[in-house]
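This report describes the fold and selected side-chain contacts of one protein chain. The sequence and the structure are shown first, and the discussion follows.

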Amino acid sequence: MTESQRPSGEYPMYPSYGNGDAAYPPPPSYRPAQPITTGPGATVWPGGGADGHSGGGDDGYGDHHGLPQPAPQPPARGRRRVGRPVALLTAVAVAAAVVGGATATAIGQFTDSGSSGGGTSSAVSGTTVSQSSAGTVAGVAQAASPTIVEIGASSNAGESTGSGVIITSDGEIVTNNHVIAGASTIKVTLSTGKTYTAKVVGTDADKDLALIKLEGASGLKTATLGDSSSLKVGDQVVAIGSPEGLTGTVTSGIVSALNRDVTVAKDGDSGQGQQGGGRSDWPFEFGGQQFNGDTGDSTTTYKAIQTDASLNPGNSGGALINMNGEIIGINSAMYSASSSDGSNSAGAGSVGLGFAIPVNTLKADLDTLRSGNSS
């Protein structure tokens, strides 16, 4: 038996060989397992085995070549694996919502801008004023002018010129009683220049209103009657008529006052608005004084809208219109300073004191006028 030359208890000491595949020369097939402490209360064994032997691989150090590995934490890893997709999906959903909302807003803005612009203009409710020109004098004039006519009335006293408003497509026209009172012939000229003969349907001298009807007319554009009770002092208005025979003249101003007591003649003998054979002034009474000449013995008084929109002889019977294109008054009188003394008023003109019969007075009187009753 050969005695060992090695001292008892001594074992060969192996040099350090590096890590993993970089180790050279290759480690021995067996290496005593040593526990490694990674933290308080946590100990791992290399190679995955409790006895230090490799759980697999060809180098005897397991799959990780003997390197110490952190202890697996399945629950924590499981939560992270689930959490990441959920967080990702949540982020994607939020992003999609933001993008979708912005897209919807952009589409809505594009749609809105398209509805108010473009080649086809939509109408303001109850009017024919386009939205692109609503609230402008030009828009009101364009919409309402085709519904305003010039009236030429011939009588023994001469000829008078006034205006009227078309209220039905077959030619019913509202005007002032003093424009057609005593007329033997009535000619009406549309904004297109076409002329019709008209007959008197009914008159109400107490309210200075009259209804005439064109002969053989159809398909006419009609005015929209508004609500004069909603008027306020300071509201902007437009007046359209035929002053001095200038058909379709447009002026603008505001409502200066409401419920003014205005007195005008009940017949045509005083010559309101007359031209040619008669006078060219437009007499009325206000505040106990007479303006523009003598109103005569037969007069009527009504509550009127006062406006500073320029009115001149020939505007009588025309329309006072709000900024939605709705008729809110029938122009009936105006003050001309140069004719207040009753002298000839050839040089008379508007000084911003005009009056109109409220449209609600007209609407309440339409059935009476259509029945053919006259007063």
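## The β6–β7 hairpin

In the hairpin formed by β6 and β7, five residues lie between the strands, and Gly193 adopts a positive phi near 100°. The model is a predicted one. Strand β7 covers residues 195-204 and pairs with β6 in the antiparallel sense over three bridges. Within this pairing, Val188 has Tyr196 of β7 as its bridge partner.

## Strand β3 and its neighbours

Strand β6 also pairs with β3, in the antiparallel sense and over five bridges. Here Gly152 stands opposite Lys187 of β6, and Glu150 has Thr189 of β6 as its bridge partner.

In β4, Ser163 is the bridge partner of Glu150. Glu150 therefore has a bridge partner in β4, Ser163, and another in β6, Thr189.

## Helix α2 and its cover

Helix α2 spans residues 137-144, and its buried residues are Gly139, Val140, Ala141, Ala143 and Ala144. The elements that cover these buried residues include β3 (148-155), β10 (236-241), β11 (249-265) and β16 (319-321).

Ser228 is placed in the loop between β9 (224-225) and β10. Is this residue buried or exposed? Ser228 has a relative accessible area of 12%, and because buried means under 20%, the residue counts as buried.

Leaving aside residues up to four places away in sequence, Ser228 touches Ile305, Ile328, Pro358, Val359 and Asn360. With Asn360 there is also a polar approach: a polar atom of the Ser228 side chain lies 3.2 Å from the backbone nitrogen of Asn360.

## Salt bridges

How many salt bridges does a search of the whole structure find? The search finds four, and several of them are described here.

The side chains of Lys213 and Asp170 meet in a salt bridge, with an N to O distance of 3.6 Å. This pair links distant parts of the chain, 43 residues apart: Lys213 is in strand β8 (residues 209-214), and Asp170 is in the loop between β4 (158-166) and β5 (172-175). Lys213 counts as partly exposed at 28% relative accessibility, and Asp170 likewise counts as partly exposed at 35%.

Glu172 forms a salt bridge with Arg370, in which the closest N and O atoms are 2.9 Å apart. Because Glu172 lies in strand β5 and Arg370 in helix α4 (residues 359-370), the pair ties together parts that are 198 residues apart in sequence. Glu172 is buried, with a relative accessible area of 14%, whereas Arg370 is partly exposed at 38%. A further salt bridge brings together the side chains of Lys303 and Asp261 at 2.9 Å, N to O. The pair links distant parts of the chain, with Lys303 in strand β15 (residues 299-307) and Asp261 in strand β11, 42 residues apart. Lys303 is partly exposed, with a relative accessible area of 45%, and Asp261 is partly exposed at 39%.

## Aromatic contacts

The aromatic pairs come to three in the count. Ring pairs link Phe284, Phe291, Tyr335 and Phe355 into a cluster.

## The protein as a whole

The secondary structure comprises four helices and 18 strands. Of the 375 residues in the protein, buried residues make up 38%. Among contacts between residues at least 6 apart in sequence, 64% join residues at least 24 apart. The accessible surface of the protein comes to about 19,700 Å², and 52% of this surface belongs to carbon and sulfur atoms.

Notes. Residues numbered from 1 in each chain as written. Predicted model: local features only at pLDDT ≥ 70, side-chain atom pairs only at ≥ 80, totals over all residues. Heavy atoms only, no water. Buried < 20%, exposed > 50% of the residue type's maximum accessible area, 1.4 Å probe, protein only. Helix = DSSP H or I, 4+ residues; strand = E, 2+ residues; numbered from the N terminus. Contact = heavy atoms within 4.5 Å. Pairing = 2+ DSSP bridges. Polar contact = N/O pair within 3.5 Å; in protein donor to acceptor, adjacent residues only side chain to side chain. Phe/Tyr/Trp six-rings, centres within 6.5 Å; stacked < 30°, edge-to-face > 60°. Areas by Shrake-Rupley, 256 points an atom, 1.4 Å probe, with all protein chains shown as cover.
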